[in-house]
Amino acid sequence: MAAATLRAQLNRFRPQLGDLVTSIVVAVYLLLFLNVTFWSKAGLYLKNDPSAYAALWVAIFALFAIGTVAVSIKYIIKPVLILYIAVATAAAWFTDTYGVFVDTDMVRNAFETTKAETQDLLTPGLIKHFALYFFLPTAFLTWIRIVHQPFGLELPHKNRPGSDFCLTV
């Protein structure tokens, strides 16, 4: 009984976010914090055309938002968003540190690597990077309570902002 009381007291301090808001926040996090190298290179390439740079921001945000909102279903939203963050964190580390472009061949090579090669890549910098860019955001994501709309209202609720945004773009 004491554990139930303690849990009830701790739940009072647990913030609540809607599923759509959570998905958009994760999309913005992935876009801004885990793609710094991409945005710096894109800024260099498109420095003479700021409207193209802005259009690129809008287009990629739309893709990220679609990818996160599409999985905002009650029992899968947190695990899938955590997976997105894990993959993006690893890709950001290897892109920023080694200057590699992560594509399907790179992922296949990662699964075929040996233990010795893996040990060379596990550095204190990688651990710090994961602590900051993976563990902190996922700790927050697991801590919050995601509020979902009732099933009948869920689809129009999720499709409306996406369709409005696509029409605007």
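The structure is a predicted model, in which local features need pLDDT of at least 70, side-chain atom pairs count only at pLDDT 80 or more, and totals for chains, interfaces and linings use all residues. Residues are numbered from 1 along each chain as its sequence is written, and side-chain values use heavy atoms, with hydrogens and water left out. The chain has nine helices and two strands (DSSP runs numbered from the N terminus, with helices being H or I of at least four residues and strands E of at least two).

**The chain as a whole**

- Read from the N terminus, the order of elements is α-β-α-α-α-α-α-α-α-β-α.
- Of the 169 residues in the chain, 24% count as buried (buried means under 20% relative accessible area, exposed over 50%, and partly exposed in between, with a 1.4 Å probe and protein chains only).
- Taking contacts between residues at least 6 apart in sequence, 81% join residues at least 24 apart (contact means heavy atoms within 4.5 Å).

**Helices H5 and H8**

- Two packed helices are described by the angle between their axes and the distance between the axes.
- Helix H5 (residues 77–98) packs with helix H8 (residues 124–143) at an angle of about 160°, and their axes are 10 Å apart (axes are lines fitted to C-alpha atoms, for helices over the stretch in contact, and angles run from 0 to 180 degrees between N-to-C directions).
- H5 and H8 are therefore roughly antiparallel to each other (angles under 35 degrees count as roughly parallel, over 145 as roughly antiparallel, 65 to 115 as roughly perpendicular and the rest as oblique).
- On the H5 side, the contact is made by Lys 78, Leu 81, Ile 82, Ile 85, Ala 86, Thr 89, Ala 90, Ala 92 and Trp 93.
- H8 contributes Gly 125, Leu 126, His 129, Phe 130, Tyr 133, Phe 134, Pro 137, Thr 138, Leu 141 and Thr 142 to this contact.
- By class, the residues of the H5 and H8 contact are 13 nonpolar, five polar and one charged (Ala, Val, Leu, Ile, Met, Phe, Trp, Tyr, Cys and Pro count as nonpolar, Asp, Glu, Lys and Arg as charged, and the others, Gly among them, as polar).

**Thr 89, a residue of that contact**

- Thr 89 sits in helix H5 and is buried, with a relative accessible area of 0%.
- The side chain of Thr 89 reaches the backbone oxygen of Tyr 133 at 3.4 Å.
- Beyond its neighbours within four places in sequence, Thr 89 is in contact with Leu 34, His 129, Phe 130, Tyr 133 and Phe 134.

**Helices H2 and H8**

- Helix H2 (residues 19–33) also packs with H8, at an angle of about 170° and with the axes 13 Å apart.
- That angle makes H2 roughly antiparallel to H8.
- From H2, Thr 22, Val 26, Tyr 29 and Phe 33 meet Leu 132, Tyr 133, Pro 137 and Leu 141 of H8.
- This contact of H2 with H8 has seven nonpolar residues, one polar and no charged.

**Helices H2 and H4**

- The axes of H2 and H4 come within 8 Å and cross at roughly 135°, which makes H2 oblique to H4.
- H2 passes H4 in a right-handed crossing.
- Leu 20, Ser 23, Ile 24, Val 26, Ala 27, Val 28, Leu 30, Leu 31 and Leu 32 of H2 make the contact with Trp 57, Ile 60, Phe 61, Phe 64, Ala 65, Thr 68 and Val 69 of H4.
- The residues of the H2 and H4 contact divide into 14 nonpolar, two polar and no charged.

**Two residues of H4**

- Phe 64 belongs to helix H4 (residues 50–69) and is partly exposed, at a relative accessible area of 24%.
- Although Phe 64 and Leu 31 are 33 residues apart along the chain, their C-alpha atoms are separated by 7.4 Å.
- Thr 68, likewise in helix H4, is buried, with a relative accessible area of 1%.
- Not counting residues up to four places away in sequence, Thr 68 touches Ser 23, Ile 24, Val 26, Ala 27, Leu 30, Leu 81 and Tyr 84.

**Ile 144, in a loop**

- Ile 144 lies in the loop between H8 and strand S2 (145–147) and is buried, with a relative accessible area of 0%.
- Ile 144 and Leu 17 are 127 residues apart in sequence, yet 7.0 Å apart in space, C-alpha to C-alpha.
- Leaving aside neighbours within four places in sequence, the contacts of Ile 144 are Arg 14, Pro 15, Leu 17, Thr 22 and Lys 78.

How values were computed:
Polar contact = N/O pair within 3.5 Å; in protein donor to acceptor, adjacent residues only side chain to side chain. Left-handed = near helix turned anticlockwise from the far one by under 90°.
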